[in-house]
Amino acid sequence: MKQFSLFDKSNNSAFIEQSGDYDAEQAEEPLLKQFSFDIEATGRDPLSDTIVGISLCFEKDRAYYIPIRHTLGQNISDALTILKDIFEDKSISKIGHNLKYDILILRQEGINVKGTLYDTMVLSYLLNPNKPDHSLEDVALEYLSHKKKGFNEVLGNRTSFADIPIEEATPYAAEDALLAMELKDILFKRLKEENLEKLYFDIEMPLIYVLSDMENRGIKVDSNRLHKLSIELESYLKNIESNIYNIAGERFNINSPKQLSIILFEKLRLEPRKKTKTGYSTGMDVLEELAKKHELPREILNYRTLYKIKTTYVDTLPKLINKRTGRIHTSFNQTVTATGRLSSSEPNLQNIPVRGQWGSRIREAFIADKGSVLISADYSQIELRVLGHLSGDKGLIDAFNKDIDIHSRTASEIFGIPLESVTEEMRRVAKTVNFGIVYGISPFGLSESLNISQKEAALFIESYFKKHPSVKTYIEKTVKSAKTLGYVSTLMGRKRQIPEINSLNQNIRQQAERLAINTPIQGTAADLIKIAMINVWDRLNKEGLKTKMVLQIHDELLFEAPEDEIEIAKEVIKYEMENAMKLSVPLKVNIGLGKSWAEVDINAQTL
DNA sequence: GCCGTCACG
DNA sequence: ACGTACGTGACGGCA
């Protein structure tokens with residue numbers, strides 16, 4: 001006798017249906033086109049957890065919960081074998097909330113999900129990328145006015161979902177599948193109304209498969225190397241710490257900006273430069289200035305650098321090495337940023353240090369598997385190329401067509417000198433100007449980051465726009481359109497609402513205008529690399545290569561390739577990235593190669 | 001749980 | 001006069 005528990009929405013209760021035999025036909029239903037599902041697991045880590053049960057919904061108002069590894073109650077042990085066929089059937093669409101998680105956990109069970117996905121979390125994100133929370137609880141509340149119990153609420157003081165009696169587990173689990181089913185219709189209808197269907201099917205939906213593959217693969221990290229680094233950092237920190245106490249004439253908590261303020265601005269009577277909400281700023285730019293007058297700020301800066309490196313990276317990364325795989329598996333979040341970029345967390349592998357000696361030494365610990373190498377491929381000046389395309393600016397297009405160093409070119413323009421006469425310093429200034437343009441430049445912002453007067457900054461901006469009138473009109477056109485429509489969009493039609501664009505408060509309005517300028521540029525670059533990821537991934541699969549995409553860092557992709565595949569992998573990667581989109585400027589990708597991430601960076605520079 | 005700080009693109 | 005570069009995530013301090 002097997003148990004099949006059913007949740008019936010009409011009387012809002014769950015019950016256990018006794019059925020003589022578990023009938024696959026009954027669950028599958030003939031002519032099944034789509035179904036929604038949700039997996040309950042032992043914890044929250046898809047690479048270590050096992051499935052406790054699965055809820056399934058084939059039609060609205062009725063969902064099933066299939067206990068697979070419940071401690072309390074009978075289980076249907078062959079359910080996964082039966083379900084494998086429908087999960088792997090390309091012609092059956094899968095509906096769920098955060099399907100990347102379910103795909104990952106099903107893979108641990110040997111199930112390779114295929115076919116069209118309707119991910120209500122991703123759908124909600126595309127409809128409103130400003131929404132801070134796309135959890136099922138929050139999306140159901142917004143679109144269905146339905147208050148759903150949180151997982152922890154249901155769990156209570158029990159440790160695992162498996163410890164919840166089936167009678168209690170069923171309504172909770174079944175509700176998730178039901179909600180996803182209901183939300184799919186509502187969200188998808190809205191998606192079509194907003195003309196976001198193509199963006200979903202061409203980019204975000206296939207990307208779910210790519211990201212789950214990357215997370216599943218992970219990256220190898222040499223914890224021995226990091227351990228040695230930690231010991232070295234520890235001794236440096238001890239020295240700097242006692243040096244700081246000597247200079248200050250007392251011991252205090254260096255990590256407390258509040259205590260540091262007292263030392264700097266009261267005891268030593270140094271001049272405060274900036275205020276924060278809570279007091280005087282002790283940020284890097286301020287300490288950099290103060291360092292000219294006193295020796296303490298420099299030591300604080302040194303301390304902070306090393307402390308950051310040690311606590312955030314060197315000591316933390318080894319703890320996140322997965323026991324089963326021996327590798328680090330980050331989460332790539334697809335529904336976080338307002339612009340369409342990905343983010344990475346637990347750990348964030350998109351902000352691993354790169355500058356200075358410590359950057360290299362940390363990246364030396366990111367290594368390829370035995371017999372493989374790491375290949376990095378990064379887009380050169382992606383955002384400025386996107387700006388060139390979006391604005392149609394002749395100067396930018398010409399520069400990229402001729403493959404001229406763009407910052408040097410800008411320098412020659414804003415300083416009014418020939419390209420050959422541009423100095424390193426002028427190039428540095430021009431680089432900042434170029435960044436500023438992409439961020440929605442203001443004289444204040446530019447003056448702050450260049451440490452010049454607002455007047456001088458305004459002159460740079462003026463001369464830039466004189467040389468690039470199309471960029472100026474493009475920016476004006478974008479802001480104007482944002483004011484009329486209330487949103488801006490990327491080349492692929494991704495939208496970001498800018499509700500503050502018509503604010504009467506000047507500060508808020510100007511900030512909104514900068515978002516309106518920056519979002520189409522940053523967002524189009526995000527669209528572009530996402531397309532490249534999908535195309536590279538497809539090609540690698542189709543050609544049966546073992547090369548694996550492991551990281552995305554906004555304009556860079558990192559791969560792990562078997563040594564005998566290096567040449568073909570490089571070719572596929574470069575080609576697919578440079579041809580991800582046909583723009584009015586060429587796309588350029590630099591390739592680096594090495595046994596560690598540090599080596600890859602060095603090689604990329606010299607290649 | 002927020003704030004300041006700082007790592008990355 | 002005011003407060004301002006765009007997008008993230010993680011850490012320690014502190015209430």
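This briefing describes the DNA-facing surfaces, sheets, helix packing and local backbone features of one structure. The model is predicted. It places 19 residues around DNA strand B and 38 residues around DNA strand C. Helix 12 gives the most to the surface near DNA strand B, whereas helix 21 gives the most to the surface near DNA strand C. Helix 21 also packs against helix 20, and the two axes come within 9 Å.

**Surface near DNA strand B**

- The closest of the 19 residues that surround DNA strand B are Thr276, Lys277, Thr282, Met284 and Asn351.
- Helix 12, which spans residues 296-314, provides three residues to this surface, the most of any contributor.
- The class composition near DNA strand B is nine polar, five nonpolar and five charged residues.

**Surface near DNA strand C**

- Ser256, Ser343, Gly436, Phe444 and Gly445 come nearest to DNA strand C among the 38 residues around it.
- Two or more residues each are given to this surface by helix 10 (257-267), helix 12, strand 11 (343-345), helix 17 (424-439), helix 18 (443-450) and helix 21.
- With seven residues, helix 21 gives the most to the surface near DNA strand C.
- By class, the residues near DNA strand C comprise 26 polar, nine nonpolar and three charged.

**Packing of helix 20 with helix 21**

- Helix 20 (residues 469-485) and helix 21 (residues 506-542) have axes that come within 9 Å and cross at roughly 115°.
- The two helices, helix 20 and helix 21, are therefore roughly perpendicular to each other.
- Their crossing, that of helix 20 and helix 21, is right-handed.
- Helix 20 contributes Ile475, Thr478, Val479 and Ala482 to the contact, while helix 21 contributes Glu513, Ala516, Ile517 and Pro520.
- Six of the residues in the contact of helix 20 with helix 21 are nonpolar, one is polar and one is charged.

**Packing of helix 4 with helix 8**

- The axes of helix 4 (residues 120-127) and helix 8 (residues 197-217) cross at roughly 120° and come within 11 Å.
- Helix 4 and helix 8 are therefore oblique to each other.
- The crossing of helix 4 and helix 8 is right-handed.
- In this contact, Val122, Leu123 and Leu126 of helix 4 meet Leu199, Tyr200 and Glu204 of helix 8.
- The contact of helix 4 with helix 8 has five nonpolar residues, one charged residue and no polar residues.

- Four strands form an open sheet in the order 16-17-13-18, with antiparallel pairing.
- Strand 16 (548-552) and strand 18 (589-594) are at the edges with a single partner strand each, so one side of each is left without a neighbour in the sheet.
- From one strand to the next, the twist averages 25°.
- Six bridges pair strand 13 (residues 372-379) with strand 18 in the antiparallel sense, and isoleucine 375 stands opposite leucine 593 in strand 18.
- Helix 22 (residues 566-578) lies across strand 13, strand 17 (556-562) and strand 18, and runs at about 20° to strand 13.

- Strand 8 (residues 219-221) and strand 9 run antiparallel and are joined by two bridges.
- Isoleucine 219 is positioned opposite isoleucine 328 in strand 9.

**Parallel pairing around strand 6**

- Strand 6 (residues 93-96) pairs with strand 3 (residues 34-41) in the parallel sense over three bridges.
- Strand 6 is also joined to strand 7 (residues 117-119) by three bridges, and these strands run parallel.
- Isoleucine 95 in strand 6 is the bridge partner of serine 36, and tyrosine 118 in strand 7 is the bridge partner of isoleucine 95.

**Local backbone features**

- Glutamate 346 and proline 347 are joined by a cis peptide bond, with omega of about -5°.
- Proline 347 is located in the loop between strand 11 and helix 13 (356-363).
- Arginine 269, although not a glycine, has a positive phi of about 60°.
- The loop that holds arginine 269 lies between helix 10 and helix 11 (284-290).

Methods:
Residues numbered from 1 in each chain as written. Chains lettered and ligands numbered in written order. Predicted model: local features only at pLDDT ≥ 70, side-chain atom pairs only at ≥ 80, totals over all residues. Near = placed C-beta within 6 Å. Nonpolar A, V, L, I, M, F, W, Y, C, P; charged D, E, K, R; others polar. Axes fitted to C-alpha atoms, helices over the stretch in contact; angles between N-to-C directions. Parallel < 35°, antiparallel > 145°, perpendicular 65-115°, else oblique. Left-handed = near helix turned anticlockwise from the far one by under 90°. Contact = placed C-beta atoms within 7 Å. Pairing = 2+ DSSP bridges.
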